[in-house]
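Keep the sequence and the model in view while reading.

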Amino acid sequence: FYKLCKENNMLFLQAHPFRPMITRTNPKYLDGCEVFNGKGAGTDINEKAEAWAEENNMKIRVAGTDFHRESHIPNMTGILTNEKIRTNDDLLRILRSGEFELIKP
């Protein structure tokens with residue numbers, strides 16, 4: 001999968017790396033990871049994810065909501081940019097540039 005990503009100008013990010021029953025990918029194959037997830041599983045998994053990203057020198061660190069139902073609204077997270085993201089190419093460029101902030105509740 002890593003080779004496919006590199007050959008096609010894609011990014012490979014690990015979602016919620018410390019959620020129970022998730023297998024973490026070898027960091028040498030990752031461009032980054034989700035360091036904050038708003039699903040409400042506790043801050044300890046977010047802190048572990050941030051530390052793991054730091055230890056492995058991951059440049060791209062994102063936040064995700066896992067928004068599946070209305071009860072998740074108070075935990076909405078994501079990224080904040082100065083420009084609208086209209087295409088996948090826009091998103092890739094912004095993530096690579098680091099020109100975004102994490103939104104955390």
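The model shown here is predicted.

**Helix α3**

Helix α3 covers residues 88-97, and D90 is found in it. The buried residues of α3 are D90, L92, I94 and L95. Is D90 buried or exposed, by its relative accessible area? D90 has a relative accessible area of 17%, so it counts as buried, the cut-off being under 20%. Setting aside neighbours within four places in sequence, D90 is in contact with K84 and I85. After α3 comes G98, whose phi is positive, near 80°.

**The sheet**

Now to the strands. How many strands form the open sheet, and in what order? There are 3, in the order β1-β2-β3, with parallel pairing. At the edges are β1 (13-14) and β3 (60-64), and each of them pairs on one side only.

L13 stands opposite G32 in β2. Q14 has C33 in β2 as its bridge partner. On the other pairing, β2 and β3 run parallel over 5 bridges. There, F36 has A63 in β3 as its bridge partner.

In general, strands of a sheet pair through backbone hydrogen bonds. In this model, 6 of the 6 residues of β2 are buried, so the strand is largely enclosed by the rest of the structure.

**Helix α2**

Helix α2 (residues 43-55) packs on the sheet. It touches β1, β2 and β3, and its direction makes about 155° with that of β2.

I45, N46, A49, W52 and A53 are buried in α2. Seen down the axis of α2, the buried residues fall within an arc of 125°, so they line one face of the helix. An α-helix has 3.6 residues a turn, so residues three or four places apart point the same way. The cover over the buried residues of α2 includes β1, β2 and β3. The face turned away from the buried side carries the exposed residues T43, E47, E54 and E55. N57 follows α2, and its phi is positive, near 55°.

|---|---|---|
| α2 | N57 | positive, near 55° |
| α3 | G98 | positive, near 80° |

**The cores**

Which residues make up the largest nonpolar core? They are C5, F12, L30, C33, V35, W52, A53 and M58, 8 residues in all. Both β2 and α2 supply at least two residues each to this core. A second, separate core has 7 residues, including L11, V62, L92 and I94. In soluble globular proteins, nonpolar side chains tend to be buried together.

W52 belongs to the largest core. Leaving aside neighbours within four places in sequence, W52 is in contact with Q14, P17, F18, R24, T25, P27, L30, C33 and M58. Among these contacts, C33 is also the bridge partner of Q14.

Definitions and conventions:
Residues numbered from 1 in each chain as written. Predicted model: local features only at pLDDT ≥ 70, side-chain atom pairs only at ≥ 80, totals over all residues. Heavy atoms only, no water. Pairing = 2+ DSSP bridges. Helix = DSSP H or I, 4+ residues; strand = E, 2+ residues; numbered from the N terminus. Contact = heavy atoms within 4.5 Å. Axes fitted to C-alpha atoms, helices over the stretch in contact; angles between N-to-C directions. Core = buried A, V, L, I, M, F, W, Y, C linked by side-chain atoms within 4.5 Å. Buried < 20%, exposed > 50% of the residue type's maximum accessible area, 1.4 Å probe, protein only. Arc of directions from axis to C-beta.
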